[in-house]
Each structure stands twice: as C-alpha cells, then as structure tokens.
Amino acid sequence: MSTQQLDKRWWHNSVVYQIYPRSFNDANGDGIGDIPGIIDKLDYIAELGANVIWLSPVYQSPMDDNGYDISDYQKIAPEFGTMADMDRLIAEADKRGIKIVMDLVVNHTSDEHPWFIESRSSKDSPKRDWYIWKDPKPDGSEPNNWESFFKPKAWTLDENTGQYYLHLFSNKQPDLNWANPEVREAVYDMMHFWLKKGLGGFRMDVINMIGKPSDYPDATIFDQGVAGWEHWSNNLLVHQYLREMHDKVLKHYDVLTVGETPFTTTLDGRYYSHPDRNEISMIFQFEHVSIDREEHNAVKKPFDLVQYKEIMTRWQEDLYQKGWNSLYWSNHDQPRTVSRYGCDSAKYRVVSAKMLGTVLHMMSGTPYIYQGEEIGMTNKHFDSIDEFNDLMAKFHYQKMRDRGVSDADALAFLNDFSRDHARVPVQWNDQLNAGFTSGTPWLPVNDNYPEINAAQAVKDDDSIYHHYRRLIALRQGEQYGDVIVYGEHQLLDPQDSEVYAYIRSHKGKSLLTIANFSGNSVVRSYSGSVKQQVINNYPETVESLTEMALKPYQALVIELE
Ligand code: TEU
Ligand code: CA
C-alpha cells in the first residue's frame with residue numbers, strides 16, 4: 001500500500017451484526033439462546049444485508065461473566081450446543097454469504113481452565129508461569145495497587161501457595177502471562193484450529209491489555225476508575241505480541257480482526273490498524289461511548305453533541321488512509337442505542353433510531369449493529385438491584401453505595417448504563433416471551449415487546465429495520481459505495497449543538513449528511529445545491545439547502561451537485 005491509497009480489503013465495505021448468543025434465540029426451550037437458534041435466524045440477518053456475524057463467546061465456560069471466562073477454547077458450552085452445531089452455523093452462514101467472526105478471549109481464561117488448575121496446584125507446576133503469580137508485600141498485602149474492572153483489587157491470594165494471582169477482571173478470570181512463549185504458542189495453535197474451519201476472523205477481547213510490564217509498578221494515575229491502566233494498556237509489548245500473532249497465524253488467512261481497546265487514542269488506533277504494521281484490521285475504541293459517563297467510576301455526565309462530533313471527526317480524520325475505523329453505537333456491554341442517544345418515547349423512538357443509524361452508517365469504517373438495534377429495542381427498567389444479572393452492575397452498585405450514593409441514585413445510574421440492557425432477550429414477535437423461548441427466559445423480556453418486535457419491523461416497510469437495510473444497501477451499492485466507504489470526511493459547523501452535519505467526498509461525488517439530534521424543529525442552511533436526495537427519515541423530498549426546516553430527530557442524506 002502507498003501512503004496515499006489503501007488497498008481494498010473485503011471487510012472495508014462489510015457490515016457486522018453482533019450476536020450475544022445467550023439472548024438471541026432459544027431453539028430448545030431451556031430459556032437460553034443457542035447456536036441452533038442462531039441458524040434459524042440467518043435469513044433474517046441476510047435480508048438485513050449484514051455479511052459478517054460477530055458471535056460473543058460460545059466456548060465451554062462456568063459463565064461467571066457469561067462466557068468471557070473460558071474453561072476450554074476448543075469445546076462449545078453445552079447450553080449453546082455442540083461442535084457439530086458450530087460447524088453447521090459456519091456452513092449455513094457461508095451459504096448466505098455471511099462470515100462468522102468469533103470472540104477471542106485471551107487476556108484471561110477461567111479459573112476452571114485446566115491450565116489454571118495446573119498452574120495454581122504448586123509453585124513448581126510446569127504451568128506456574130502461564131499466569132501471573134507474585135509474592136505478597138512484606139506486610140502480606142497485594143503485590144501492587146492495581147484495581148480490577150469487576151472487583152476492588154486486581155489480585156487474589158491463593159492460600160495454598162501463599163502467592164497472589166493477577167486478574168484485571170473477576171477473580172474467576174485470571175490473566176494469562178503473555179511474556180511466556182508457551183502461552184503464546186498455545187493461543188496461536190487454538191486460533192489455527194478455528195480458522196481452519198473457515199472462520200471470517202476474530203474479535204479480540206481487551207487485546208490491548210495483554211502486555212504487562214515485567215516490574216509490575218504501582219499505578220500513579222487514578223482518574224480512570226481502574227488503577228493500573230497506564231501500565232497495562234497499549235504498551236509496546238501488546239504491539240510486539242500482535243505482530244508475532246500476525247506472522248504466525250493471521251497472515252495465513254484473509255480475515256477481519258477487530259481488537260477491543262479501552263483507553264486508546266487515535267495514535268494507538270493507527271498503530272493497531274495501519275496495514276503496513278501487520279497487526280489487526282481495526283479496533284473498538286471507547287472515547288465516544290465514554291462521553292456521557294465516567295465509565296469505570298460509575299458517574300453520569302451530560303451528553304454534549306459538540307464534543308461527540310469532535311471525537312467522531314478526530315477518529316475519521318486521523319485514521320483516514322492510515323488505518324481503519326470500527327463504527328458502533330452499542331454492543332453487549334453498552335445500553336440500548338435509542339434510549340441512550342435518541343429518544344425512546346412512543347412519539348420519537350422510530351424516527352430517532354433511524355437518525356442515529358443514518359449518522360453512523362454514512363461514515364468511513366466498518367459498521368457494527370448490535371442485535372435488536374435494527375428494530376430499535378430500548379432499555380428495560382429494573383426496579384431493584386436484585387433484578388440485575390451482570391456482575392459489573394453488582395460491582396458498580398456496591399462501589400456507588402460505598403461512596404455514599406443512595407440506593408435510588410445508584411439504581412438510576414444502572415438504569416441508564418447497565419450492561420443488562422443489551423442482554424435482555426431479542427424481541428422476535430408479540431407472542432409468549434417475545435418469541436425468544438418457549439421456556440422461562442434467563443433474563444426477563446422487556447414489557448414493550450408487543451409493540452417492538454422483529455416480526456412487526458419486517459412487515460412494515462417504514463420500520464427501523466428497513467431503514468437500516470437501505471443504509472447497508474447504500475454502502476454496498478455501486479452508486480455510493482466508494483464515497484461512503486473511502487471518501488474524505490469534512491465536519492460542518494462544529495459548534496452547532498443540535499445538528500450533526502458532515503460531507504463525504506470521493507472522485508467527484510459528494511454526500512451531505514444532516515442529522516437533528518434534538519427533539520425540536522430547527523432551521524439550518526448549508527451551501528451547495530441538491531443533486532438528489534439519497535435517504536430521509538421523514539416522508540418528504542428536500543430540494544434546497546437554504547432555510548431548511550428540520551423536524552425533530554430528522555436525518556437525511558443529500559447528494560450534492
Ligand atoms: O469488556 C472489556 C471492558 O473493558 C469492559 O469492562 C467494559 O469497559 C465495560 O463492559 C463497558 O461498560 C470485555 C467484554 O466485552 C466484556 O463483556 C467482558 O466482561 C470483559 O471484556 C472481560 O472479558
Ligand atoms: Ca437453549
């Protein structure tokens with residue numbers, strides 16, 4: 001590749017649909033979504049136009065963190081199905097032109113993984129060094145002051161051998177020691193095992209945290225809620241490991257790789273995704289989803305559109321021709337898109353969800369749609385802390401209570417941000433349990449399923465689903481595909497706190513996206529003249545950009561003359 005032009009890759013114009021298997025579709029009535037249930041819905045995803053599925057973990061796991069704690073990387077959890085089901089999923093998806101991307105969770109394993117059981121058995125175990133074991137400080141306390149995402153401390157004492165092990169997540173998720181070449185080889189072997197089955201790639205869980213500095217220094221920066229991050233995120237080691245992984249595994253397959261990377265800047269983003277560096281295809285950055293909260297401190301902040309535009313534009317510009325962006329509003333760790341950034345009232349839910357889809361899908365990068373986003377599923381209301389399932393919700397609740405936040409305020413925070421919002425079952429129809437299961441769903445369905453469900457959305461040509469389908473078709477179509485995927489990005493009116501407007505241009509074609517983020521009617525003028533209206537979430541055709549009356553949450557795309 002030259003510095004001026006990116007070589008085209010198949011995943012540049014792909015659209016990814018993320019499935020959280022536990023909550024997607026239950027085929028056998030045990031209340032838990034499963035792989036056969038996914039196979040039953042492949043046509044639905046194909047008709048939407050997505051051509052990649054990112055599957056959250058389906059591996060064997062004690063499910064402390066719903067599968068992000070893996071006890072065997074080469075077995076399927078029985079509640080999700082069998083290896084034969086997984087092979088069938090890959091084959092059935094392939095028939096429909098869809099590739100399966102699996103979650104690669106290798107910063108940590110489960111404490112029930114045989115590697116860890118062996119490692120903890122004695123200080124002389126041949127696998128002792130596969131995990132991170134340290135002596136206590138002279139006073140018996142933790143080896144350093146690092147904190148965990150899910151627990152107050154990142155270290156747990158193992159009574160048997162008198163040493164602490166490191167876990168950046170729960171104590172049932174011990175961190176692997178990537179400094180040990182045997183660990184790396186074991187991971188690479190496992191990746192080959194899956195890629196040989198014809199996978200489309202991997203989504204790499206917290207991959208930017210795998211490099212730990214050998215001296216395990218104390219944290220000195222405490223404003224991000226998880227002390228230690230400046231030492232274990234995005235350091236030189238992670239880039240070394242990824243380049244080795246590329247050389248030993250990834251370069252042998254034509255795959256999409258997306259690294260989940262909290263605490264990253266656009267410079268980090270270029271290091272990970274610039275094609276000449278031979279690391280990974282793209283990353284999930286967290287700047288824009290930290291806009292309305294201090295993520296790890298469980299503190300809410302007001303959403304500021306001006307700042308939001310600044311963040312999104314910086315990523316668009318800084319990675320242009322120097323890397324690749326992922327585009328997402330939501331995933332299995334985030335609240336529901338329309339409730340968070342739009343308006344989920346009966347009046348504006350549909351129109352604001354379409355507006356949000358339009359803004360994201362007209363940008364450069366690979367868009368990700370989280371299950372249910374395409375039908376505008378909303379946050380569910382939880383009445384008490386006991387109704388939450390997620391370990392992080394419980395941890396954040398405790399953290400808030402410990403610093404004096406009232407029960408009501410702590411619940412209000414979780415009702416805005418809990419990961420459980422994304423994990424309530426997908427609403428398929430207006431029948432029992434929203435059509436998700438014939439049994440008792442593992443997490444109760446949202447009461448609004450009689451109105452909000454996929455069957456209704458597919459039938460109604462004016463639904464959010466069909467709007468998303470049209471947006472995807474534009475990205476993949478002849479007429480506008482290249483300008484949407486590869487065009488330059490120009491933000492208009494950065495200080496406008498209600499309207500997000502930007503131009504994409506490529507080889508003489510220009511697309512102007514205008515989105516009213518407010519629930520008010522506003523009037524705006526833009527320069528240039530209309531060649532043609534490309535899409536609009538209100539039934540009207542705009543012919544002039546002068547004194548345009550934008551309706552609440554209106555979003556439209558105009559091809560400029
Ligand atoms: O998430 C990593 C992570 O940083 C999360 O703690 C994230 O900050 C939070 O969920 C956002 O609110 C990944 C997975 O996506 C998550 O589901 C896992 O629980 C976690 O890693 C551990 O594997
Ligand atoms: Ca099931």
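## A calcium donor to start with

Is Asn28 buried or exposed? In this predicted model, Asn28 counts as exposed because its relative accessible area is 55%, and the cut-off for that label is over 50%.

## The calcium site

Both residues belong to the set of protein donors around the calcium ion, ligand 2. That set reads Asp26 (OD), Asn28 (OD1), Asp30 (OD), Ile32 (O) and Asp34 (OD), and the donors lie 2.3 Å from the ion. Along the chain, the donor residues follow the spacing D-x1-N-x1-D-x1-I-x1-D.

## Around ligand 1

Now for the other ligand. There are 20 residues around ligand 1, and the ones that come nearest are Asp65, Asp205, Glu295, His332 and Asp333. Sorted by class, this shell holds nine charged, seven nonpolar and four polar residues.

A few side chains get within polar range of ligand 1 oxygens. For Asp333, a side-chain N or O atom sits 2.5 Å from an oxygen atom of the ligand. With Asp205, the corresponding distance to a ligand 1 oxygen is 2.7 Å. His108 puts a polar side-chain atom 3.0 Å from an oxygen atom of ligand 1. On its own, ligand 1 has 500 Å² of accessible area, and the protein covers 100% of that.

## The cavity

Where does ligand 1 sit? The space that ligand 1 takes up is the largest cavity.

Technical notes
Residues numbered from 1 in each chain as written. Chains lettered and ligands numbered in written order. Predicted model: local features only at pLDDT ≥ 70, side-chain atom pairs only at ≥ 80, totals over all residues. Heavy atoms only, no water. Near = heavy atom within 4 Å. Polar contact = N/O pair within 3.5 Å; in protein donor to acceptor, adjacent residues only side chain to side chain. Areas by Shrake-Rupley, 256 points an atom, 1.4 Å probe, with all protein chains shown as cover. 1 Å grid on protein atoms, 1.4 Å probe; cavity = no way out; pocket = protein on both sides within 12 Å on 5 of 7 lines; lining within 4 Å. Sits in = over half its atoms within 2 Å of the grid points. Nonpolar A, V, L, I, M, F, W, Y, C, P; charged D, E, K, R; others polar. Donors = N, O, S within 2.8 Å, 3.2 Å for Na, K, Ca; no water. Buried < 20%, exposed > 50% of the residue type's maximum accessible area, 1.4 Å probe, protein only.
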